[in-house]
Amino acid sequence: MRKRRQESPRRRGSINREFAIVTYGFLLLFLCMAGYFIYFVGYAGEDFIDSPYNPRLSQLSEHIIRGDILAADGTVLATSEVDDAQNETRVYPKGNEYAHIVGFSSNGMSGTELDANFQLLRSHSFFIEKIINELQERKNQGDAVVTSLDTALTDALYVGMANYEGAAVALDPETGKILAMVSKPDFDPNTIAQNWSYYTETGSSVLLNRAIQGQYPPGSTFKILTALEYLNEGGGMEDAFNCSGSYTYGDTTIHCYHNTVHGAQNFEEAFAHSCNSVFAEVGLSLDKSGMARLAKRLLFNRTLPTELKNVKKSSFSLKDADSGLVMRTAIGQGNTLVTPIHMAMIASAIANDGVLMEPSVIDHTQNDGGTLVRRYHPVRYGELFDESEVGILREMMRYVVTNGTGSKLYTDSYTAYGKTGTAEFSDNKSEAHSWFVGFAEQDEKKIAVAIVLERAGSGSEHAVPLARTMFDTYFR
Amino acid sequence: MLHLLIFISRFALVILLAFYTYSCFAALRSGISEEQQDFLYFRQTACMYMFILIANGILYLSTFEEQVLVMLGMEMAFFIAVSLIYKHIYRNASLSVTNNMCMLLAISFIILTRLDIDKAYKQLVIAGISLAITCLIPFLVKKLKFLNRLTYVYAAVGILGLGLVAVAGSTSYGAKLSLSIGGFSIQPSEFIKILFVFFVAAMLYDAGNDRRKIEIATAVAGLHVLMLIASRDLGGAGIFLLTYLVMLYVSTQEPRFLLIGLALGAVGMVCAYFLFGHVRNRVMAWKNPLSVVDGAGYQISHSLFAIGTGGWFGSGLYQGMPEKIPVVEKDFVFSAISEELGGVFALCLIFICISCFLMFFNIAMQIHDRFYKLIALGLGTVYATQTFLTLGGVTKFIPSTGVTLPLVSYGGSSLMSTMILFAIIQGLYVMREEDGQ
Ligand SMILES: [Zn+2]
């Protein structure tokens with residue numbers, strides 16, 4: 001052996017330097033991998049644990065008491081009572097008021113109970129407490145989910161909607177956090193299991209959360225899009241129009257609400273008065289594909305960017321539309337359907353300098369001792385409107401409040417912006433949904449809302465006063 | 001009461017393995033006396049036996065299957081046989097290598113018993129057979145003086161074997177890996193890895209910077225790699241390529257060979273990405289597994305669900321759902337370990353693997369004979385690369401390449417070839433010790 005070593009040709013020193021390089025190279029690779037593993041188990045794994053595809057979560061309820069759902073101020077919206085035999089009963093102290101947004105945990109789950117199912121079934125209790133529970137074979141307390149819901153605002157909204165069917169959503173435009181969401185008719189989540197077969201067999205729409213699943217004709221609130229397209233195609237706010245109470249083209253006649261004759265007015269005034277005749281005329285002049293592009297940019301026919309589940313899409317189409325359909329579409333009738341949350345998102349983007357924040361309801365989770373577990377930071381979707389568009393829309397939506405159908409929102413204590421709507425949904429002209437879409441600001445505080453009251457009549461008479469109540473409550 | 005026992009034992013297993021792992025590195029410290037080292041190795045052995053007893057205890061109490069107790073008895077017999085061979089017959093064998101082999105096998109037996117007791121039994125039987133075969137290897141390594149002259153025999157057998165797989169192999173998970181012979185399914189590439197190391201060592205040990213020899217070695221190595229790519233065994237191709245480059249670099253002392261080789265490998269990977277759909281799928285599954293959770297990302301997503309949900313201390317044996325991961329007992333065995341025995345335990349396992357290849361390289365460094373030195377280096381590289389590819393793949397550190405974790409994953413060929421690899425290292429260590437005296 002020694003002989004062979006001497007024979008080996010041209011040995012340049014020791015080859016142990018190369019060994020060191022190879023050894024340290026592998027060592028470095030493995031240490032990076034171990035570091036990544038630590039990072040994953042300690043931090044990044046959360047995203048995977050909470051994935052609905054993770055089959056392990058269904059098992060967690062055997063070891064964990066479902067956590068509480070709280071309003072922003074700590075008011076308990078859902079909690080679990082545990083008896084001596086470790087049986088859980090889900091209790092909703094606020095009953096019908098939060099039925100849709102908080103949802104229920106049985107019968108397939110809905111609302112925040114569904115959205116935060118995984119967080120509610122995780123326990124980050126203090127580990128000594130966990131060990132004591134393990135030893136006594138007791139379940140651990142799941143984390144509490146603290147929502148962004150404002151109880152005062154929700155109370156005002158719930159009372160304000162009275163017996164109307166419909167829905168309302170309020171968002172914080174800067175964060176996308178849902179401040180209030182009410183849908184009527186509602187139900188008592190405490191008795192959902194008992195009443196389940198009744199609701200499902202009678203085909204009742206009680207379980208439908210209209211704020212995210214109700215698809216309504218937008219009525220005049222859609223004029224926000226029509227106006228924006230008109231101005232983007234070279235139209236001006238000062239352009240002069242004349243309204244004679246109706247507008248006819250081909251065999252279609254569009255009437256102003258109650259056949260009101262608005263007379264001579266510029267474009268901004270026509271928007272503020274919600275003049276159907278002018279908007280039907282304007283609608284005919286617009287580029288159909290331009291309108292379709294704008295609708296697409298504003299998230300029509302697309303899955304809305306939000307962590308909420310079971311949100312319906314809004315729909316818009318001008319494909320193969322004749323002039324009659326074009327005119328009806330321009331004033332928000334036609335085939336267009338929107339969800340209230342979508343309209344609230346559009347309003348919130350205008351309020352937030354054109355940037356849409358994704359709507360969410362979970363603010364943070366905390367363990368049973370109140371220690372923060374995880375904060376859910378606002379998620380930026382992107383820019384819906386550019387700077388000049390935001391300027392134009394703010395000016396027009398403000399003009400609605402100062403000089404138009406939203407005048408009941410005029411006050412010195414905050415600045416409101418918006419657009420009313422009266423959406424006909426059948427051939428019966430006397431029945432219409434009352435709409436308001438808008439926002440308000442006071443110093444740095446902002447709120448965006450969308451309200452629809454079914455069969456209530458004109459927007460200015462019913463939806464606007466409710467918006468006023470919400471703004472007054474929020475800025476009190 | 002059972003609940004309490006399982007709960008406490010969960011932490012006991014983590015602490016035992018942590019203690020074991022600490023001893024691995026404590027024993028590698030420089031300036032440590034032989035008595036201290038022996039004590040550390042003794043402590044490791046004690047940890048290993050306690051681990052087997054406690055873990056089998058939990059397995060039995062969770063299932064009340066008598067087969068678990070039979071397994072426990074067989075495992076004890078197996079490990080006692082290992083220590084008889086490597087502590088009493090080969091008195092100069094490396095205790096570090098022996099202990100690590102035993103500990104990895106112990107973890108393997110426990111997790112396989114948990115996942116599928118029949119597979120655990122098969123694995124144990126194959127381990128026993130492998131032990132019987134490989135116990136001769138250290139003796140043969142010392143006696144057979146012509147191993148460095150069989151250069152082309154190694155190459156011919158290797159290429160023939162890989163060619164046979166590429167043509168007649170059966171496909172699983174998109175790759176052709178195995179041959180069926182008389183009802184047994186064997187993976188030739190597992191054994192050819194070792195032959196390949198022998199070929200390269202025989203070719204290069206006296207080559208110096210002899211151009212022709214390097215060219216031939218490179219051509220043959222390239223042929224191996226191409227045949228593995230043809231069988232879609234990308235993990236295998238990576239192991240052969242890196243092993244060759246490391247051996248070439250160390251024997252020629254030319255860093256540019258390593259750099260050029262790695263650059264070519266990188267270009268090859270980019271080409272593979274654009275040429276092959278299955279490579280793109282793997283990369284996509286790596287970048288965002290949840291976006292393709294129903295398709296290419298299914299395995300890796302479920303692996304990460306398991307690791308994530310298990311957390312630092314694991315769910316406890318039988319408390320998790322590792323069976324939701326496809327082929328969990330083979331490529332994804334690490335995820336099952338991490339889920340049920342905990343992230344800390346899994347991290348210790350990573351460090352045991354690190355201590356294994358550090359020891360291999362350390363042994364290689366101390367051998368004077370260039371042929372055997374290159375063999376130890378090559379085998380160390382095979383082990384380190386394979387371990388890195390599998391651990392990195394299941395933790396989403398790198399795209400998954402579908403290779404097994406040596407000694408821990410289920411699979412006869414992989415187990416036997418790794419035991420051969422460990423036995424060769426032992427043989428080289430014994431030879432060096434006896435030379436030194
Ligand atoms: Zn008019």
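**Close-up views of the predicted model**

**View 1. The loop of chain B that holds B:Y318.** B:Y318 is placed in the loop between α13 (298-310) and α14 (333-341) of chain B. In this predicted model, the phi angle of B:Y318 is near 70°, a positive value in a residue that is not glycine. Most residues other than glycine have a negative phi.

**View 2. The cis peptide bond between A:K184 and A:P185.** The peptide bond that joins A:K184 and A:P185 is cis, with an omega of about 5°. A:P185 belongs to the loop between β8 (178-184) and α9 (192-201) of chain A. Most peptide bonds are trans.

**View 3. The zinc ion and its donors in chain A.** Four atoms coordinate the zinc ion at 2.0 to 2.3 Å: SG of A:C243, SG of A:C256, ND1 of A:H262 and SG of A:C275. The angles among these four donor atoms are 104 to 117°, and the site is tetrahedral. Ideal angles at a metal with four tetrahedral donors are 109.5 degrees. Along the chain, the donors follow the spacing C-x12-C-x5-H-x12-C. A:C243 lies in strand β9 (residues 240-243) of chain A, and A:C275 in the loop between α12 (267-273) and α13 (276-285) of chain A, so this pair ties together parts that are 32 residues apart in sequence.

**View 4. Helices α10 and α11 of chain B.** The axes of helix α10 (residues 234-252) and helix α11 (residues 255-275) of chain B come within 8 Å and cross at roughly 165°. This angle makes α10(B) roughly antiparallel to α11(B). The crossing in which α10(B) passes α11(B) is right-handed. From α10(B), B:L241, B:L242, B:L245, B:V246, B:L248, B:Y249 and B:T252 take part in the contact; they meet B:P255, B:F257, B:L258, B:G261, B:L262 and B:G265 of α11(B). Ten of the contact residues are nonpolar, three are polar and none is charged.

**View 5. Helix α2 of chain A against helix α10 of chain B.** Helix α2 (residues 16-49) of chain A and α10(B) have axes that come within 9 Å and cross at roughly 150°. Angles over 145 degrees count as roughly antiparallel, and α2(A) and α10(B) are therefore roughly antiparallel to each other. Their crossing is right-handed. A:E18, A:F19, A:I21, A:V22 and A:F26 of α2(A) make the contact with B:L242, B:V246, B:Y249 and B:V250 of α10(B). The residues of this contact divide into eight nonpolar, no polar and one charged.

Note on methods: Residues numbered from 1 in each chain as written. Chains lettered and ligands numbered in written order. Predicted model: local features only at pLDDT ≥ 70, side-chain atom pairs only at ≥ 80, totals over all residues. Heavy atoms only, no water. Axes fitted to C-alpha atoms, helices over the stretch in contact; angles between N-to-C directions. Helix = DSSP H or I, 4+ residues; strand = E, 2+ residues; numbered from the N terminus. Parallel < 35°, antiparallel > 145°, perpendicular 65-115°, else oblique. Left-handed = near helix turned anticlockwise from the far one by under 90°. Contact = heavy atoms within 4.5 Å. Nonpolar A, V, L, I, M, F, W, Y, C, P; charged D, E, K, R; others polar. Donors = N, O, S within 2.8 Å, 3.2 Å for Na, K, Ca; no water. Tetrahedral: all angles 85-135°; square planar, octahedral: opposite > 155°, others 65-115°.
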